[in-house]
Amino acid sequence: MAPWLTVTGIGEDGFTGLGKSARHALLAASKIFGSQRQLDLLPPCIRGERHTWPSPFSLDALLAMRGEPVCVLASGDPMFFGVGASLARQLPSDEMLILPASSSCSLAAARLGWPLQDVVTLSVVARPVAALNAQLFSGARLLVLSNDGRSPAAIAALLRERGFGPSRLSVLEHLGGAAERRIDGVANDWTDPQIADLNLIAIDCIAESTTPRLSRLAGLPDSAFRHDGQLTKRDVRAITLARLAPVPGELLWDVGAGSGSIGIEWMRAHPSCRALAIEADEGRQQLIEHNRDALGVPGLQLIRGSAPQALDGLERPDAIFIGGGVTRDGVLDSCWARLKPGGRLIANAVTMQSEMTLMAWREQHGGELTRIHIAQAQPLGDFDTWRQALPITLLDVVKPFDA
């Protein structure tokens, strides 16, 4: 059976830039979905009934026409931050025919002479610009799909705030069309010119000499986080995240999240890693919100409440970190019950009472206990001596698949 739905990428050059298959699909379609701008690119000979996407965006009207010859118009490549990706989550591939055009990022890379495989591609379409913070490294090149004409100014401001004011910006409007235009500048000197809503921003990242280096590996400096003292310190955090072992696409629960450092570094490990930060203290909730944006993971979800009650109804995690509250009734058992088979549970203890709780729990469920001692050299008069931090007891256990 032939696919009933054709998803056609269309560029600024409109109908004349489409291939034969895309033209035939549009001529044969009884219904055509797209934005008003895309629909306006079609000539009168396209007779199908035209439908603009509803606001808020929904696929319901389209999916209700299942079986009819329907076309969807998408900008450039439908599978690159486009409607094709949304449809692929709803429909099997044999019901759709995808006909991509050149994406705006492909066109931009061609204009700039940037090898596309060496570029980080991002989108701030209906997404917070804070997500760029995780990608800011001196020497990195970013291609960013804008939300509208205000996005370049917002991104230039973010670059200045994060110590990347010398970065070079190129804004490319209406790529592939007669109105194509390029505006070049530096973030520090960006004057906010009038820019079309349909634009893409190319960023050649250059850090100021005083901008701190923030690695993607676990163990960011403690100074990278705002905190009230409730922070898993740098070296312990690096060890803890190594045991949690984030894998792309996995979900972490950070229980008793404090300033959110574990969940934030988990999400920085890969763009598809997800985390829920469970925290009851209002002041610390505000710290988590600040830190997640400043470090480029605005998608970290804050759960306001105390475990175990706040865990009810949450998506089952692949890994759990308990940084506080292990002595509270039901916390360990509730986390263990909700953890996916094969998942990792890591819990840290500082007090004797919490350490005894972990030891007793290990007797029932197994796992490894590790004592972490860290000392730092500090002045003592005219000399230096070792200052011992409080020892940390770490429980590391993997849930059996038959549990």
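User: Let's start with Trp 336. Buried or exposed?
Analyst: Trp 336 is buried, as its relative accessible area is 10%. Keep in mind that this is a predicted model.
User: Which ring does Trp 336 pair with?
Analyst: Trp 336 forms an aromatic pair with Trp 361. The centres are 5.1 Å apart, with 85° between the planes, and the pair is edge-to-face.
User: Where do the two sit in the chain?
Analyst: Trp 336 belongs to helix 10, residues 331–338. Trp 361 belongs to helix 11, residues 352–365. They are 25 residues apart, so the pair links distant parts of the chain.
User: And Trp 361, buried or exposed?
Analyst: Trp 361 is buried, at a relative accessible area of 6%. That falls under the 20% cut-off.
User: Which charged end sits over the ring of Trp 336?
Analyst: That of Lys 399. It lies 5.8 Å from the ring centre.
User: Switching topic. How many aromatic pairs does the whole structure have?
Analyst: A search of the whole structure gives 4. One of them joins Phe 80 and Phe 81. That pair is edge-to-face, with 5.0 Å centre to centre and 75° between the planes.
User: What is the relative accessibility of Phe 80?
Analyst: Phe 80 has 22%, so it counts as partly exposed. Phe 81 is partly exposed too, with a relative accessible area of 42%.
User: Which residues do ring pairs link into a cluster?
Analyst: Phe 33, Trp 53 and Phe 57.

Conventions. Residues are numbered from 1 along each chain as its sequence is written. This is a predicted model: local features need pLDDT of at least 70, side-chain atom pairs count only at pLDDT 80 or more; totals for chains, interfaces and linings use all residues. Side-chain values use heavy atoms; hydrogens and water are left out. Rings of Phe, Tyr and Trp (its six-membered ring) pair if their centres lie within 6.5 Å; planes under 30 degrees apart count as stacked, over 60 as edge-to-face and the rest as tilted. Buried means under 20% relative accessible area, exposed over 50%, partly exposed in between (1.4 Å probe, protein chains only). Helices (H or I, at least four residues) and strands (E, at least two) are DSSP runs, numbered from the N terminus. A charge sits over a ring if NZ of Lys or CZ of Arg is within 6 Å of the ring centre and within 35 degrees of the ring normal.
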